[in-house]
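Hello,

Here is the structure I promised to pass on, with some notes on what turned up in it. Have a look at it first, and then read on below.

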Amino acid sequence: MNPNQTKKSNPLALIPIAVFLVLYLGLGLIFEYCLKIEMGFYKIPIVVVFLVALLVAFMQNRGLKLNDKLAVIGSSVGDPNIITMILIFLAAGVFVGVTGRESAEAVAYFLLSVTPAWAAVAVLFIASCFVSTAMGTSVGTITLIVPIAVAVSNVSGFSMALCIGSVMGGAMFGDNLSFISDTTIAACNSQGCPMRDKFRANFKIALPAAIITLAIILILSFSTGVGHIDCPDYNLVLLIPYILVLIGGIAGINVFVVLIIGIVSGLAISLLTGTTDFITMLGNMGSGADGMFETIMVTILVSAMCGLIREHGGFEALLAFIRRVFRGRIGGRLGVGLLVGAMDIATANNTVAIVMAGPIAKEISVEYGITPKESASLLDTFSCIFQGIIPYGAQMLIAVSTAINLGSTISAFDVLPSLFYPYVLALCSLVYIIWGAGKKKA
């Protein structure tokens with residue numbers, strides 16, 4: 001097939017996504033709420049469910065030979081964004097294994113000792129906003145700060161879901177705004193606008209959403225009645241790995257370099273202070289990496305499945321639907337947002353979603369009179385909204401996996417109600433669309 005030839009729209013190609021949703025969400029809801037099985041969602045092996053969905057995708061498109069399907073899968077899994085994400089997962093697992101609970105708890109105790117107890121969760125949100133904006137990666141931010149959030153929850157009594165949801169919200173704030181974020185680069189390049197213009201348009205949506213989210217977190221925190229917390233003794237030296245990685249994040253250092261700094265410093269401090277011995281530390285590093293197995297397998301399976309869906313015309317069916325349904329400037333803007341949202345649901349990768357949706361979004365923008373900076377802003381914003389809430393997205397997976405590795409028992413569906421920032425960002429985006437649609441084209 002000519003690579004420049006448009007694939008034929010085929011709604012049936014989306015069946016694998018429906019299979020996954022029915023099996024995973026459906027069985028999970030039945031186990032949890034109908035059969036009242038404790039930790040019902042944990043009874044559903046997500047890797048097996050994705051394998052079933054991938055098998056369904058493999059059985060479709062019989063016009064494509066087996067070797068060609070394998071080539072499609074290989075190309076999708078070998079995408080640089082996917083490889084980078086897998087490497088981040090591995091480095092994150094090692095970092096958690098090296099620093100362990102003691103370092104995370106030391107950070108939590110320090111934060112609680114210098115801030116009012118009722119404001120601890122708000123501090124997590126603000127820190128995540130700054131770090132993610134500086135680093136340009138939500139996954140890296142979640143990797144660094146979720147261990148702190150887990151420890152804060154353990155020593156303060158705040159809901160684990162609230163702490164993790166606040167970190168995820170702050171991480172998506174920076175992912176959306178950062179100049180060095182992959183999503184920003186992809187959105188601006190696909191729409192042909194300077195990053196500065198896109199940032200200004202984006203800031204009008206993101207800042208109000210962040211302020212409202214912060215207010216919600218403070219209200220909830222204050223209403224919990226958490227007062228003074230007596231923090232046990234802690235070793236400030238154990239804070240050094242987190243301080244280094246936070247400084248590196250704020251300075252905008254590459255997430256791999258930041259994680260390596262954290263791993264090396266954590267290893268040195270743990271051995272020098274006698275917190276653990278070398279053999280135990282090696283085991284902890286291996287256990288941390290092993291803890292990311294499921295997350296990495298889900299990333300690979302999602303990429304493989306979506307590659308087959310795209311080849312079979314599933315994504316073209318989504319695009320055709322959006323073109324047919326939405327009309328006018330308001331409809332056009334909603335179409336751009338939901339277009340990239342649908343792509344993100346299908347790919348579980350907001351950068352890939354923007355790259356795929358970009359060309360069609362540009363056509364929609366020209367047709368409906370949307371400026372390039374608005375289109376780029378909508379692409380980036382809506383991709384972060386959906387990426388921030390899908391239960392099988394990298395951000396949710398890394399957050400939950402890290403928390404579980406640190407001894408917590410929490411699922412993605414526990415965190416979903418506490419993802420205030422993506423929900424508020426969606427509301428602010430709709431207000432912006434309706435209000436901005438009446439303006440003359442700049």
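Let me start at the surface. (Helices, H or I with at least four residues, and strands, E with at least two, are DSSP runs numbered from the N terminus.) The patch brings together Arg196, Arg200, Lys204 and Lys373. For patches, residues need over 30% relative accessible area and no salt bridge; like charges are joined within 9 Å, and nonpolar side chains (Val, Leu, Ile, Met, Phe, Trp, Tyr) within 5 Å. Lys and Arg count as positive, Asp and Glu as negative, while His and the chain ends are not counted. Each charge is placed at NZ of Lys, CZ of Arg, CG of Asp or CD of Glu. Arginine 196, which lies in helix H9, counts as exposed because its relative accessibility is 52%. (Buried means under 20% relative accessible area, exposed over 50%, and partly exposed in between, with a 1.4 Å probe and protein chains only.)

A word on where this comes from. The model is predicted, so local features need pLDDT of at least 70 and side-chain atom pairs count only at pLDDT 80 or more, whereas totals for chains, interfaces and linings use all residues. Residues are numbered from 1 along each chain as its sequence is written, and side-chain values use heavy atoms, with hydrogens and water left out.

Now the overall picture. The protein chain has 20 helices and zero strands. Its C-alpha atoms fill a box of roughly 65 × 50 × 45 Å along the principal axes. The radius of gyration is 22 Å, which agrees with the value near 22 Å for a compact globule of 442 residues. (That radius is taken over C-alpha atoms, and the globule rule is 2.2 Å times the number of residues to the power 0.38.) Of the 442 residues, 55% count as buried.

There is also a nonpolar surface patch of about 390 Å², made by Val237, Ile240, Leu244, Ile253, Val257 and Ile261. Helix H10 (240-250) and helix H11 (255-272) are the elements that give two or more residues to this patch. Isoleucine 253 sits in the loop between H10 and H11 and counts as partly exposed because its relative accessibility is 32%.

What about salt bridges? The count comes to two, where a salt bridge is a side-chain nitrogen of Lys or Arg within 4 Å of a carboxyl oxygen of Asp or Glu. One joins aspartate 380 and lysine 198, at 2.5 Å from N to O. Aspartate 380 lies in helix H17 (residues 372-387) and lysine 198 in helix H9, so this pair ties together parts 182 residues apart in sequence. Aspartate 380 is buried at 0% relative accessibility, and lysine 198 is buried at 1%.

Arginine 333 and glutamate 374 also meet in a salt bridge, at 3.1 Å from N to O. Here arginine 333 belongs to helix H15 (residues 328-347) and glutamate 374 to helix H17, so the pair ties together parts 41 residues apart in sequence. Arginine 333 is buried at 1% relative accessibility, and glutamate 374 is buried at 10%.

One last item is methionine 297, found in helix H13 (residues 293-311). Methionine 297 is partly exposed, at 24% relative accessibility.

Best wishes

Technical notes: Accessible areas come from the Shrake-Rupley method with a 1.4 Å probe; for residues, only the protein chains shown count as cover.
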